[in-house]
Amino acid sequence: MTRFLYLGVLLLLFVSVNGTPRNIIFIAADDLGWNDVGFHNKDMITPNIDKLAKLGVILNSSYVQPVCTPSRHSWMTGVYPFKVGLQRNALFPQTAQCSPLDLTFLPQRLQKLGYATHMVGKWHLGGCNWNCTPTYRGFDSFLGYYNGKEDYYNKTILNGIDFNDGVKPLLDTTYSTYLYAQRAQKIIENHDKNKPLFLYLPFQAVHRPIQVPQRFEDMYPHIQTDVRRQYCGMVSALDEAIGNVTDTLRNNNMFDDSLIIFTADNGGWVTHGGNNYPLRGGKVTLFEGGTRGAAFVVGSGLEKSGYTYDGMIHAVDWHPTIVAAAGGELRKSEYDSIDGINQWEALSTGGESKRTEFVYNLDNAEMPPTGHAAIRVGKYKLIDGYPGPYRSWYLPDQVETEECDPSDEREYYDCLQKRDAVKLKDTEKKGLEGIWAGEGLYDLSVDPNERNDISRHYPDIVKDLREKLNEYRKSLVTPKPQTPVPASNPDNYGGYWMPGWC
């Protein structure tokens with residue numbers, strides 16, 4: 001009897017209720033803060049997200065990278081960004097770089113398992129060459145944009161339009177949160193149920209520019225700060241879109257056979273309406289507010305649900321975990337070539353996480369915009385050097401003012417870096433130590449908000465964690481300069497950002 005029960009549990013882990021490989025829906029919210037969902041903050045109006053989270057498993061220690069490109073690279077490859085030179089900043093539009101072509105992407109593995117693979121939304125893993133783009137890296141279809149941000153309506157970034165259906169440039173002025181949900185719904189409605197579905201749905205929302213239909217902004221009349229009120233409206237628009245997608249799964253009798261994964265790609269951007277309170281910092285920092293993502297899993301294969309899971313998970317883990325949830329398994333040589341750990345058994349049963357440590361980021365520049373270096377081992381976290389530009393605790397209606405112009409992202413990050421370099425020189429002139437606020441050692445089991453640096457009390461732990469960082473540093477690849485390439489100019493491609501120039 002025990003043997004049959006065990007076999008039944010194994011069957012549940014690898015197939016859906018109808019005995020076939022389960023559908024997997026991976027939803028990413030861009031720049032969503034820890035405090036920007038209802039299951040963390042009762043003032044946020046996100047009923048669909050909250051219902052899914054409470055029906056499934058809320059992930060309390062799910063970590064991502066400080067900015068977009070590194071997190072997306074981690075999901076797709078299972079490899080730490082610092083090992084391929086993608087740890088510093090996001091990719092800019094005129095940059096002749098992409099996630100390395102010799103790495104196997106998640107949808108390529110799922111295609112081999114018989115999955116139909118579709119992507120809708122933001123790519124941000126390089127678009128200078130066709131081989132860098134979604135339909136050349138394992139997706140059967142793609143609707144979305146290659147770069148990091150754009151207008152939600154006219155789909156422009158800088159001097160060009162960035163919007164494609166497959167390899168075909170397109171102009172559609174529908175608000176993108178609506179548009180991406182509609183495409184996802186169409187994919188679900190037209191899906192051949194003889195094959196399992198992998199739908200990667202990285203929404204543009206809620207990344208700047210801050211744009212939202214008025215009816216969603218009007219849901220938050222009590223918020224006095226304009227950008228925060230509009231941002232919260234964008235979150236509620238995203239929530240409605242996710243509700244529409246999950247309703248379509250139900251209407252097509254696919255919900256019970258689907259595993260849904262939801263995660264932010266980094267923390268909320270505190271200068272653009274995002275909020276991570278009570279966590280410290282935000283996007284572009286190594287603090288928990290920049291790297292601890294709002295996340296949950298729900299649906300097929302979860303033996304235990306309706307609770308919060310505290311086990312440690314990192315963005316690189318989703319690659320092997322999703323392969324396992326799809327019924328596949330990486331060979332030992334494939335595991336040896338990635339950093340991700342298969343967490344499917346832990347997530348599906350509520351068991352202990354297999355991860356005991358991870359690197360937040362690792363850079364060899366003194367003041368990279370996304371932080372110099374940080375590591376977590378067990379309950380201890382060491383921030384070594386510059387932690388990033390936003391180092392405080394920001395209340396929900398407190399939007400950090402910024403003297404840097406955000407219209408050009410490349411210039412914006414350069415401005416932040418130069419601003420903090422001036423602050424460091426001023427500190428040194430005053431004869432102070434020059435330590436950055438926030439640099440140090442934290443016991444996250446009792447101080448998850450990073451208020452008490454205990455490095456002076458535990459020098460041996462600091463030494464051990466620095467030694468671990470130095471071991472990881474042996475595999476660090478220095479990022480290449482993101483030098484603008486004139487050939488990328490959209491004027492060369494009828495006004496569109498297009499591949500074919502590197």
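Student: How many disulfides does the structure hold?
Tutor: This is a predicted model, in which local features need pLDDT of at least 70 and side-chain atom pairs count only at pLDDT 80 or more, while totals for chains, interfaces and linings use all residues. Residues are numbered from 1 along each chain as its sequence is written, and side-chain values use heavy atoms, with hydrogens and water left out. A disulfide is a pair of cysteine sulfur atoms within 2.5 Å. By that rule the structure holds two.

Student: Which cysteine does Cys98 join, and how far apart in sequence are the parts they tie together?
Tutor: Cys98 is joined to Cys132, S to S 2.3 Å. Cys98 lies in the loop between α3 (68–77) and α4 (106–112), and Cys132 in the loop between β4 and β5. Helices (H or I, at least four residues) and strands (E, at least two) are DSSP runs, numbered from the N terminus. The parts tied together are therefore 34 residues apart.

Student: Is the disulfide of Cys98 and Cys132 left-handed or right-handed?
Tutor: Look at the torsion about the S-S bond, which is about -55°. The disulfide is therefore left-handed.

Student: Is Cys502 buried, partly exposed or exposed?
Tutor: Buried means under 20% relative accessible area, exposed over 50%, and partly exposed in between (1.4 Å probe, protein chains only). Cys502 has 42% relative accessibility, so Cys502 counts as partly exposed.

Student: Which cysteine sulfur is nearest to that of Cys68?
Tutor: Cys68 is buried, at 1% relative accessible area. Cys68 is in no disulfide, and the nearest cysteine sulfur, 17 Å away, is that of Cys98.
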